[in-house]
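Subject: Structure handover

Hello,

Here is the structure I promised. Please look it over, then read my notes below.

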Amino acid sequence: MGDQYTGSEKDILVGMLDKNRDVMVWKLDGLTDEQMREAALPSGTNLLGMVKHLAAVEYGWFGLTFDIEVEPLPFDEDDEDADLRVGADESTEDILAFYARARAFADNVISELSLDTTGKAWGRGPERSLRWVIAHMIEETARHAGHADAVRELLDGTTGYLPSGD
Amino acid sequence: MERRVPMAGATEREALQYFLDVNRDVMVWKLDGLTEQQARWSPVPSGTSLLGLVKHLAWVEYGWFQLSFDRPIPEDETTEIDGFGFEPLESDTIESVLALYAEARAASDAAVDDLGLDAVGMDEDGPVDMRWIMGHLIEETARHAGHADIVRELVDGTKGYYPPDPTS
């Protein structure tokens, strides 16, 4: 397993979040750009769109909630699926770089703040603690990893739990 | 399903319990309204079905929360089967699997109540903290909820992230 089994509350949460982020990236590994963008289901679910969405959501939860400046995000008040769609003008490298920046941003916030620090969810919602935000990001990333498992298997038959081979 | 957790001021246990419970509830919800046949159907070569996913998770809960601490688990021939409960038996029904899952999750919660988050158990790779186990069950239940999302959408088009909260 890539994370640690023992340690402080924060160590364990961060390790688990990182592991699931790594799974998301791994689920795209070896695919063509076309496959990464292919809608595997009627709802249009595709792997690259999921990564874009998760990057935007990390910025939203860790940045907007704790009043920290973020780069422009792909949200649209009038289109709730905007962050899930990848346009022809957005390269795969751009999306993966976006996710890498989002992770690094979130990790920095986590290292700077205590788990009890609170903020308004996304800058406008109910109060949430950093502890709650990290736990939610773990469940959301893992949930999308589950979608990615299914989409990847339907695309080319590849299955697998963790990049380390467990 | 009570969800009155003080989200901002949630303690470590409250936060972990909240996310674990909501994901367990999602798994139950993804079976809701299906026929026995639909619950056993799989869209993927690996054979993953909604019934299999819930049964698997029941045994995963027992494995981590009980076996890591030398606590007893129910006697059941399916614990010997490869895949740790993914393949439902002929005799399994939605009702029997949901009952197993309800018992497993109650036993998990009792283990945390009894031993606390600082308790250290053992698995084949070495020591493992109870707080890691709770977090791991959140990630694993959520990951399987992701599988369940896809399978359910393909079974009958039903989609949804969280079950409706009766308290809201």
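Is α3(B) mostly covered or mostly uncovered, and how many of its residues are buried? Mostly covered: 14 of its 17 residues are buried (20 or more other C-beta atoms within 10 Å of a residue's own, with C-beta atoms placed from the backbone).

Some ground rules. This is a predicted model, where local features need pLDDT of at least 70, side-chain atom pairs count only at pLDDT 80 or more, and totals for chains, interfaces and linings use all residues. Residues are numbered from 1 along each chain as its sequence is written, while chains are lettered from A and ligands numbered from 1 in the order in which they are written.

Helix α3 of chain B covers residues 50-66. Helices are DSSP runs of H or I, at least four residues, and strands are E runs of at least two, numbered from the N terminus. From first C-alpha to last, α3(B) reaches 24 Å, close to the 24 Å expected at 1.5 Å a residue (1.5 Å times one less than the number of residues).

Its partner is α4(B), residues 94-115. The two axes, lines fitted to C-alpha atoms over the stretch in contact, come within 9 Å and cross at roughly 25°. So α3(B) is roughly parallel to α4(B) (angles under 35 degrees, between N-to-C directions that can differ by 0 to 180).

Now the chains. 32 residues of chain A are in contact with 32 of chain B (C-beta atoms, placed from the backbone, within 7 Å). On the chain A side, α5(A) gives the most, with 16 residues.

Best wishes

Definitions and conventions. Contact = placed C-beta atoms within 7 Å. Buried ≥ 20, exposed ≤ 12 C-beta atoms within 10 Å, placed from the backbone. Parallel < 35°, antiparallel > 145°, perpendicular 65-115°, else oblique.
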